[in-house]
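Visitor: I have a model open and would like a guided look at it. Could you take me through it?

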Protein chains: 2
Amino acid sequence: MTARVLEHPPAEEIRLEEVLHALADPARLEIVRFLAAAGAEVPCSAIDLAVSKSTTTHHYRVLREAGVITQVYRGTSKLNGLRRADLDRLFPGLLDSVVNAAEGQRADTGPATAPTP
Amino acid sequence: MTARVLEHPPAEEIRLEEVLHALADPARLEIVRFLAAAGAEVPCSAIDLAVSKSTTTHHYRVLREAGVITQVYRGTSKLNGLRRADLDRLFPGLLDSVVNAAEGQRADTGPATAPTP
DNA sequence: ATGGTAGTCCGACGGACGTCGGACTACAGT
DNA sequence: ACTGTAGTCCGACGTCCGTCGGACTACCAT
């Protein structure tokens with residue numbers, strides 16, 4: 001049986017271009033935005049992405065292999081978390097500015113999780 | 001004859017994902033990094049990219065169409081400049097963090113413009 | 001053991017992307 | 001007018017990417 005352990009790139013191997021590429025997709029950007037907003041580890045199923053399960057798995061893997069998120073098995077599901085410490089150290093300010101920008105643009109395209117009081 | 005004027009997207013139409021995608025390529029990242037370092041408008045020929053002329057044109061266009069740079073004809077050449085004001089307003093901190101990160105990583109992959117004495 | 005739930009793996013497919021050479025246009029200088 | 005320089009446009013080619021369905025595995029609960 002497999003060790004049920006996911007491969008994560010060490011911090012030194014995280015490449016800026018790969019991170020930018022990983023963030024340059026609506027679904028993946030939404031995942032990152034969500035994780036940043038949650039501020040905690042959440043299972044894949046907590047974020048629904050309007051794509052199939054296979055595609056969802058694919059996007060999470062791209063993020064993990066780029067060094068943007070961590071994934072650990074937890075019972076029947078898998079917890080995803082931002083690699084905030086690593087990213088902030090390698091690319092100071094990048095994650096925050098991207099997440100802020102994503103929040104801003106999301107408002108443009110129509111409110112989805114931000115209920116207008 | 002053509003008006004010799006390049007099309008630029010208005011600031012309101014600049015999309016975060018397109019900007020990130022535009023930045024997620026070594027050649028284009030180098031262009032942006034160079035422009036940021038220069039702090040001025042420079043002709044295409046000032047930055048050499050280890051790709052063909054056609055490809056160079058292509059990369060500049062991607063950057064322009066994503067709203068990252070401006071291009072204006074100036075005699076026989078073309079001046080390229082960062083749309084810093086627009087980008088800073090739309091995505092505060094993004095450009096700076098990307099450029100800083102690019103500077104940092106460039107040092108990792110080997111000194112190119114930092115001559116070792 | 002059985003069933004359900006969460007996610008993975010494996011082709012496959014169409015479209016986008018980076019790259020190129022080569023012919024072309026626009027401008028400046030002589 | 002001629003030449004050189006700077007950049008553009010146009011296929012073309014191979015590769016990567018996002019997407020999917022469907023079969024599969026791992027785990028928990030009953």
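Predicted model: local features only at pLDDT ≥ 70, side-chain atom pairs only at ≥ 80, totals over all residues.

Visitor: How far is a phosphate oxygen of DNA strand D from a polar backbone atom of Ser52(A)?

Guide: Residues are numbered from 1 along each chain as its sequence is written, chains are lettered from A and ligands numbered from 1 in the order in which they are written, and side-chain values use heavy atoms, leaving out hydrogens and water. A polar contact here is a pair of N or O atoms within 3.5 Å. For the polar backbone atom of Ser52(A) and the phosphate oxygen of DNA strand D, the distance is 2.8 Å.

Visitor: Which residue has a side-chain N or O atom 2.7 Å from a phosphate oxygen of DNA strand D?

Guide: Being near the strand means having a heavy atom within 4 Å of it. The closest residues to DNA strand D include Ser54(A), His59(A) and Lys78(B). The side chain that places an N or O atom 2.7 Å from a phosphate oxygen is that of Arg28(A).

Visitor: What share of the atoms of DNA strand D within 4 Å of the protein belongs to sugar or phosphate?

Guide: One sugar or linking oxygen lies 3.2 Å from a polar side-chain atom of Thr76(B). Bases make up the rest of those strand atoms, and the sugar or phosphate share is 67%.

Technical notes. Polar contact = N/O pair within 3.5 Å; in protein donor to acceptor, adjacent residues only side chain to side chain.
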